[in-house]
Amino acid sequence: MSMIKIKWCDPKGGKMVVNHKKDLVYLSWPQLDMLHFVRHCFSTRLGGVSEGMFSSMNLSFTRGDKETAVRENFERLAAAVGFSTEDIVCSDQTHTTNIRVVTAEDRGKGILRDRDYTDVDGMITNVPGIVLATFYADCVPIYLADPVSRSIGLLHSGWKGTVHNIIKNGIRAMKKTYGAKPANILAGIGPSICGSCYEIGEDVAAKFREAYPASQCRQMLFDDRNGKYHLDLWKACRFNLAASGVQPDHIFEANLCTCCNPQLLFSHRASGGKRGNLGAFLQIRKED
């Protein structure tokens, strides 16, 4: 780790805490650490046993890595952060805006036993002990935590999930299922590709112009004047959170780009698709 210099997008430095457990490194939010009812992390690619392009903390079973290595990686990360792999519930990401209400019966699905659901990019729960898990290599992780209703949500927001507003669906589901109030929710916009690195074509740009007012598009969509654009998903996600009623001072960003930090984080763009997956994890702590 001493040989890897983190490139933060904010010139003032890091917005997340860098945690070291021997060779294993994971990231966490100070704002969520202050909520004593939750435990969370965002993994890096450091501290696992995977090899080659998966080196070393790959958390994907589906990209060609050895299953034994991926399982060991999950075990190592869980031990470092303080949860059990038996409590993990994994998403089934296909760039939808579908939200699953996770219950105690879902424990272990996607890691220790097969999932009986498909097409799930967001999950919510109020069950202590359950660990929600979603996976990344440039898309945006959204962490949601309401300390009043004691409910949480974890959302995978790529460009499709962002333009179709999975955030609205996730917050609406927390409100309907647990009585969560958007004004009480704290929301983290996690490590993902930054606007400077994320080049898109006219087809994607057109979808954002249809979905957002022109004033917002001018802040997140930048024309290169060569048929290409740069898209700032962080600003788009911030707009979506605010539109759903989350207070501006309850929204915090990592300001950490996956593409700018290929030694620390997996990036689909930076690696040309030759990579593993990072993981976002969020848990309601078990009662003492």
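How many of the residues of strand E7 (residues 131-136) are buried?

A: This is a predicted model, in which local features need pLDDT of at least 70 and side-chain atom pairs count only at pLDDT 80 or more, while totals for chains, interfaces and linings use all residues. Residues are numbered from 1 along each chain as its sequence is written, and side-chain values use heavy atoms, with hydrogens and water left out.

Strand E7 is mostly covered, with 6 of its 6 residues buried. Here buried means under 20% relative accessible area, exposed means over 50%, and partly exposed lies in between, for a 1.4 Å probe and protein chains only. Strands (E, at least two residues) and helices (H or I, at least four) are DSSP runs, numbered from the N terminus.

The side chains of E7 can be sorted by direction. Val131, Ala133 and Phe135 point one way from the strand, whereas Leu132, Thr134 and Tyr136 point the other way. Residues of both sets are buried.

E7 also has strand partners, where two strands pair if DSSP finds at least two bridges between them. With strand E4 (residues 88-90), E7 pairs in the parallel sense over 3 bridges; within this pairing, Val89 stands opposite Leu132. Strand E15 (residues 278-284) runs antiparallel to E7, and 6 bridges join the two. There, Leu278 of E15 is the bridge partner of Tyr136.

As for the setting, the protein chain has 8 helices and 15 strands. Its radius of gyration is 18 Å, close to the 19 Å that the globule rule gives for 288 residues, so the chain is as compact as a globular protein of that length. That radius is taken over C-alpha atoms, and the rule is 2.2 Å times the number of residues to the power 0.38. Along its principal axes, the C-alpha trace spans about 50 × 45 × 40 Å.

Among contacts (heavy atoms within 4.5 Å) between residues at least 6 apart in sequence, 66% join residues at least 24 apart. The chain exposes about 12,600 Å², of which carbon and sulfur atoms supply 48%; accessible areas come from the Shrake-Rupley method with a 1.4 Å probe, and for residues only the protein chains shown count as cover.
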